2 protein chains.
Amino acid sequence: MTFKIGLLGLGTVGSGTAEILLDPSGRHPLLQEIEIERVGVRSLSKPRTIKLPQEVMTTDLEAIVTDPEIDVVVELIGGLEPARSLILKAIAAGKHVVTANKAVIARYGDEIYTAANQAKVYVLLEAAVGGGIPVIEPLKQSLGANRIQRIIGIVNGTTNYILTQMSAAGTDFDRVLAEAQKLGYAEADPTTDVDGLDAADKITILTSLAFGRRLKVEDVHCEGIRQVSTADINYAQRLGFAIKLLAISQCPNKEEPEKLQVRVHPTLVSQDFPLASINGVYNAILIEGEPIGQVMFFGPGAGSGPTASAVVSDIMNIVGILKSSGKTETLDPLLSCSHQDYATVIPIEESVTRFYGRFLTKDIPGVIGHLGTCFGKYNVSLESVVQIGFIGDLAEIVVVTHDVREGNFRQAIEEISNLDAIDSIPSIIRVL
Amino acid sequence: MTFKIGLLGLGTVGSGTAEILLDPSGRHPLLQEIEIERVGVRSLSKPRTIKLPQEVMTTDLEAIVTDPEIDVVVELIGGLEPARSLILKAIAAGKHVVTANKAVIARYGDEIYTAANQAKVYVLLEAAVGGGIPVIEPLKQSLGANRIQRIIGIVNGTTNYILTQMSAAGTDFDRVLAEAQKLGYAEADPTTDVDGLDAADKITILTSLAFGRRLKVEDVHCEGIRQVSTADINYAQRLGFAIKLLAISQCPNKEEPEKLQVRVHPTLVSQDFPLASINGVYNAILIEGEPIGQVMFFGPGAGSGPTASAVVSDIMNIVGILKSSGKTETLDPLLSCSHQDYATVIPIEESVTRFYGRFLTKDIPGVIGHLGTCFGKYNVSLESVVQIGFIGDLAEIVVVTHDVREGNFRQAIEEISNLDAIDSIPSIIRVL
């Protein structure tokens, strides 16, 4: 039996996917039953490293998603449109869909999965989060027995590379970003990565799967790494922390399973926490549940080969099902996505976390007392207050709090910033 | 629809499994369609923490595996017999099987999977390796697009706990073992764990899945950790290494995919290698493949809750398939195990690895020359030779080699041990 694939897009991931499909020897034997039927691209004349017969290539993507010969449509063009429309048309034509498109799933997942469930087709997306790392499939198929409590991920390789380089070489953000752009680890317009938007898309998808509820990506609190300075990285190290851009999702109260905290921000992570030693462009996702405890998935979060590995594994999963059971009236509930209730994302002011704050102050003996009093007034209890040194005639003081309600901490900071003894507050970073 | 489970065994993992099945709220909704129909135990009168209706319990395990009401038989009694016979009878009766029994699968996997393929039933075993860590399922379902090159695992929590404690506290093996026994991390008879037999079973299973070939567990070269001393752990640390009991499986030559190196032994691991920082009873499995590169799965390698999480996930996977496609004539090739060719395990003398050796010698200036000459004669090239210090009037010298053929290294050691200047060779440990 041969199963036919329609590939939309032949960029980095598309080429990697085609390479695997065209060279099955030494891989799982099922690959030998999978064939590229059509490939849709924007331009037929663009020079390409991958060699495909001319009659396979087309610029008519709509024709692919409705082609009766095709079993699985693989969407690798990225972006919102025409990706969304093509996925919906493929579903309407009864095709199973594989996509690596986190943006479209994070925004239109509800529409896409509602359509897929009606049409009784699968929409798989392993490559959308963590590149090659198996995490979506394990979350759906291997962790369903658990009550998931928390997900903490380093899910953006670009920012993890930048923070790692800043930490290792003491180089400033702007210079490391420029280097990363030269090396191809960051885009010319780095906004999506460095401002945390890509991570927000990914934690939206993971949250929805882990907690069985839909949510809106706009509700995810999102801060990037532009404000992280090498000074903070150094002070964090001295205090036993690394700084990582974390995507975090948790259910703080199991009596209210619909209320979730979902956020992306730079975070101080204790050096003995599993995620602290994940460096460079690698990604890692830590999942906590009952009764499993902590499990972590680590690997390459991007790149042609790793991402294609995830795309092809999804294709193989669908083909494995088609081969064994053919078209059925009921989707496998572990592989489909049937939840419909929405989660309520808790406002960031209500979330509870620890904070690191760095203060430049004029008068040390008095100011520590003032800080303490002011924090105390808003129920912010302090774990440590350390005077790091002097910058000119200003003393540099670093504070780490215990768990506090974010709104209270912000109020305290507002009041502290108006104290006479305070020159400025160069940074506030959350602590895991 | 309700799917009915027959549980064989109500020990640690059996109780954990029953607990999850009896308390589905907050977990995946599919669990609500799974019911414990019968539980087979050795003694009905034994006091148990888990409460099950009396009519569910039986001592007649054979009646469970042939009960026409039961869809999935879950074998959690462990050991070889009657586990093997019960699994085979369950398969013959058309039941799908879930097992956590690495020993029975490592030894009788060929017989069991041949029977399962004939009867068109699944035999899933996520809990057999890595406790709660999803690794079997990801290997089968998420990494099939790759040519797997190497698997390196810390797959035995007991020995990893012992080595971690020896390293952290500088306490000798015997004392740490006694403590581990007191804490329940080691059995009264610790042979299976500390001599590497449990790890050998697990790497046999992983190898078979990763490389698509059957193999005999007796062919796996297996050394335990009894010979590892705190002295070696200290010297390894000074040289930038941790000592871990690793289970390693690799295909050294892709032109000969049937020839595999499969071995379990204490190993010096560079401190910046991902597995070096896996401590305590945790397990981690690193998989290398093309095009994915390195992925690692980390988590609790044992314990009632984590192992039960894996068992229940397997049950859910089978139920998901039954619900969507019912009984079919073709098994999903990703979930079944259809390979039949055997791998040839390369004799340990032919394997190529680095070595660490510690020598007690009488005469330092001369002896380093003698060591060098002798190693050179057998093509063993040295990376470093360090005189650590003195024990009485004997000098202690530590040698690390480059990659060498093990047979050559052994010949060199044989000759060196006969040198006049050599007092003794307290330890030889492989280096990753």
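1. Helix axes here are lines fitted to C-alpha atoms over the stretch in contact, and angles run from 0 to 180 degrees between N-to-C directions. The model is predicted. In chain B, helix 1 (residues 12-22) packs against helix 11 (residues 304-325) at an angle of about 65 degrees. Their axes lie 8 Å apart. The crossing of helix 1 of chain B past helix 11 of chain B is right-handed.

2. Which residues meet in this pair of helices? From helix 1 of chain B come B:Thr12, B:Val13, B:Ser15, B:Gly16, B:Thr17, B:Glu19, B:Ile20 and B:Leu21. Helix 11 of chain B answers with B:Ser304, B:Gly305, B:Thr307, B:Ala308, B:Val311 and B:Val312. The contact residues split into 6 nonpolar, 7 polar and 1 charged.

3. Look next at helix 13 (residues 406-417) of chain B. Its 12 residues reach 16 Å from first C-alpha to last, close to the 16 Å expected at 1.5 Å a residue. B:Glu406, B:Phe409, B:Ala412 and B:Ile416 are buried. Why do they sit on the same side of helix 13 of chain B? Because they cover an arc of only 120 degrees around the axis.

4. What covers these buried residues of helix 13 of chain B? The cover includes strand 14 (352-361), helix 12 (364-377), strand 16 (394-401), strand 17 (404-405) and strand 18 (422-431) of chain B.

Note on methods:
Residues numbered from 1 in each chain as written. Chains lettered and ligands numbered in written order. Predicted model: local features only at pLDDT ≥ 70, side-chain atom pairs only at ≥ 80, totals over all residues. Helix = DSSP H or I, 4+ residues; strand = E, 2+ residues; numbered from the N terminus. Left-handed = near helix turned anticlockwise from the far one by under 90°. Contact = placed C-beta atoms within 7 Å. Nonpolar A, V, L, I, M, F, W, Y, C, P; charged D, E, K, R; others polar. Expected span 1.5 Å × (residues − 1). Buried ≥ 20, exposed ≤ 12 C-beta atoms within 10 Å, placed from the backbone. Arc of directions from axis to C-beta.
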